Amino acid sequence: MHPIVVQMQPSQEQLPAVQERGREVAVTAGAGTGKTRTLVARYLSLISEGIDVRSIVAITFTRKAAREMRNRVREEIRTYLDRLDPHAVERTRWQAVYSRLDAAHIGTIHYLCSEILRAHPAEACIDPRFEVLDEGQANLLRVRAVEETMA
């Protein structure tokens, strides 16, 4: 296991999800059980094997969780860089990864779907300048639709 993953100290229960290869992994558990830690460790493990950040998709349910995951990935890389010799080749590689994190696919299912639709608007028969409704707008439209239907 790569040192950046070891520094996270994944538990024995988390290791299978961190180390699984050849298929997708879904992590489900209650609040405070270490889902984000597990996903961040898996993410960093994949990167340590040479997979580009743009080739990994990490999906969470909320924007807050996605932001937290991205921030934890940044934090773990920063911690790892602080421990490395300033002249290490590994340092250059992880600095490059760190600089590409803004382009990483870490987000909600809405984010993922909008990215796919923006990449293929003609195939989806949609305007490429579409916007995703925020939760507040969606609720207002839902209420209006129910009221109009009931009237």
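Residues are numbered from 1 along each chain as its sequence is written, and side-chain values use heavy atoms, with hydrogens and water left out. Because the model is predicted, local features need pLDDT of at least 70 and side-chain atom pairs count only at pLDDT 80 or more, whereas totals for chains, interfaces and linings use all residues.

The largest pocket holds about 850 Å³ of space, a pocket being an open set of points on a 1 Å grid over the protein atoms alone, where a 1.4 Å probe fits and protein lies on both sides within 12 Å along at least five of seven lines. The volume is the space filled by probe spheres set on the points, which are joined across faces, edges and corners. Its lining, made up of residues with an atom within 4 Å of a point, comprises 30 residues, of which Val 25, Val 27, Leu 39, Ile 59 and Thr 60 lie nearest the centre. Two or more lining residues come from each of helix 3, strand 1 and helix 4, where helices (H or I, at least four residues) and strands (E, at least two) are DSSP runs numbered from the N terminus. Helix 3 makes the greatest contribution to this lining, with seven residues. By class, the lining has 16 nonpolar, eight polar and six charged residues, with Ala, Val, Leu, Ile, Met, Phe, Trp, Tyr, Cys and Pro counted as nonpolar, Asp, Glu, Lys and Arg as charged, and the others, Gly among them, as polar.

The second largest pocket has a volume of about 390 Å³ and is lined by 14 residues, with Arg 63, Thr 108, His 110, Leu 133 and Glu 135 nearest its centre. Helix 4, strand 2, helix 6 (109-119) and helix 8 each give two or more residues to this lining, and strand 2 gives the most, with three. Seven of the lining residues are nonpolar, four polar and three charged.

Six salt bridges are found in the whole structure, each defined as a side-chain nitrogen of Lys or Arg within 4 Å of a carboxyl oxygen of Asp or Glu. One of them pairs Arg 21 with Glu 49, with the closest N and O atoms 2.9 Å apart. Arg 21 lies in the loop between helix 2 and helix 3 (35-48) and Glu 49 in the loop between helix 3 and strand 1 (57-60), so the pair ties together parts that are 28 residues apart in sequence. In another, Arg 74 and Asp 102 meet at 2.2 Å, N to O; Arg 74 lies in helix 4 and Asp 102 in the loop between helix 5 (89-99) and strand 2 (105-108), so this pair also ties together parts 28 residues apart in sequence. Arg 74 is buried at 17% relative accessibility, whereas Asp 102 is exposed at 63% (buried, under 20% relative accessible area; exposed, over 50%; partly exposed, in between; 1.4 Å probe, protein chains only).

Gln 14, in the loop between helix 1 (3-6) and helix 2 (15-19), is buried at 9% relative accessibility. The side chain of Gln 14 reaches the backbone oxygen of Gly 34 at 3.3 Å.

Note on methods: Polar contact = N/O pair within 3.5 Å; in protein donor to acceptor, adjacent residues only side chain to side chain.
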